[in-house]
Every structure is written in C-alpha cells, then in structure tokens.
Amino acid sequence: MMCGWLLVPLKLCFLNLYEVNTQQNATVSEIWQGGAWVLSFRRHLNEEKRAQLAELLSKVQRVVMSSEHDKVV
C-alpha cells in the first residue's frame with residue numbers, strides 16, 4: 001500500500017487510527033466480514049479521525065479480496 005510516494009504499512013500511514021483501534025493484531029480476514037470492513041475503536045472518532053477512516057476505507061476498497069489464507073510479507 002502506498003502512503004504518499006512511499007510503500008509503507010497502513011499502520012504507519014494511519015497511525016492515529018491504529019493507536020485507538022482494538023484489533024491491532026487481527027488479520028485481514030478477521031476484519032473483512034460478510035463483504036464489509038468491521039473495525040472497532042476504543043473511543044469515538046473525532047472529525048479528523050473520521051476523515052482518516054474514510055481515506056483508509058477508500059484505499060482498501062480498491063484491493064481485491066480472495067479466499068486464500070493471509071500471508072505475512
């Protein structure tokens with residue numbers, strides 16, 4: 001995934017969201033449920049974090065999901 005011009009992990013691109021997310025050790029398949037991203041946070045997201053979440057979701061919606069097992073790369 002690209003963050004700006006660099007290829008970096010999503011947790012670094014969206015660090016503010018990652019820090020308040022309760023699923024930091026979850027796999028993609030655990031968060032992708034029934035054709036939707038199921039994310040949970042320790043607190044309500046303010047306007048800035050909601051905008052970051054919308055940006056994150058727009059990025060991951062472009063990824064083609066498959067039924068193969070997740071792999072660490």
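Reader: Which residues lie nearest the centre of the largest pocket?

Author: The model is a predicted one. In this model, 35 residues line the largest pocket, whose volume is about 1500 Å³. Those that lie nearest its centre are Leu-10, Ala-26, Thr-27, Val-28 and Trp-37.

Reader: Which helix gives the most to the lining of the largest pocket?

Author: The elements that give two or more residues to this lining are helix H1 (10-13), helix H2 (15-20), helix H3 (28-31) and helix H4 (47-60). The one that gives the most, with 4 residues, is H4.

Reader: Which element gives the largest share of the largest nonpolar core?

Author: This core has 8 residues in all: Cys-13, Phe-14, Leu-17, Val-20, Leu-45, Leu-53, Leu-56 and Val-60. Two or more of its residues come from each of H2 and H4. The largest share, 3 residues, is that of H4.

Reader: Is Gln-52 buried or exposed?

Author: Gln-52 is a residue of helix H4. Its relative accessible area is 17%. Because a residue under 20% counts as buried, Gln-52 is classed as buried.

Reader: Which residues is Gln-52 in contact with, leaving aside its neighbours within four places in sequence?

Author: Two of these contacts, Phe-14 and Leu-17, are also members of the largest nonpolar core. With neighbours within four places in sequence set aside, the contacts of Gln-52 are Phe-14, Asn-16 and Leu-17.

Methods. Residues numbered from 1 in each chain as written. Predicted model: local features only at pLDDT ≥ 70, side-chain atom pairs only at ≥ 80, totals over all residues. Heavy atoms only, no water. 1 Å grid on protein atoms, 1.4 Å probe; cavity = no way out; pocket = protein on both sides within 12 Å on 5 of 7 lines; lining within 4 Å. Points joined across faces, edges and corners; volume = space filled by probe spheres on them. Core = buried A, V, L, I, M, F, W, Y, C linked by side-chain atoms within 4.5 Å. Buried < 20%, exposed > 50% of the residue type's maximum accessible area, 1.4 Å probe, protein only. Contact = heavy atoms within 4.5 Å.
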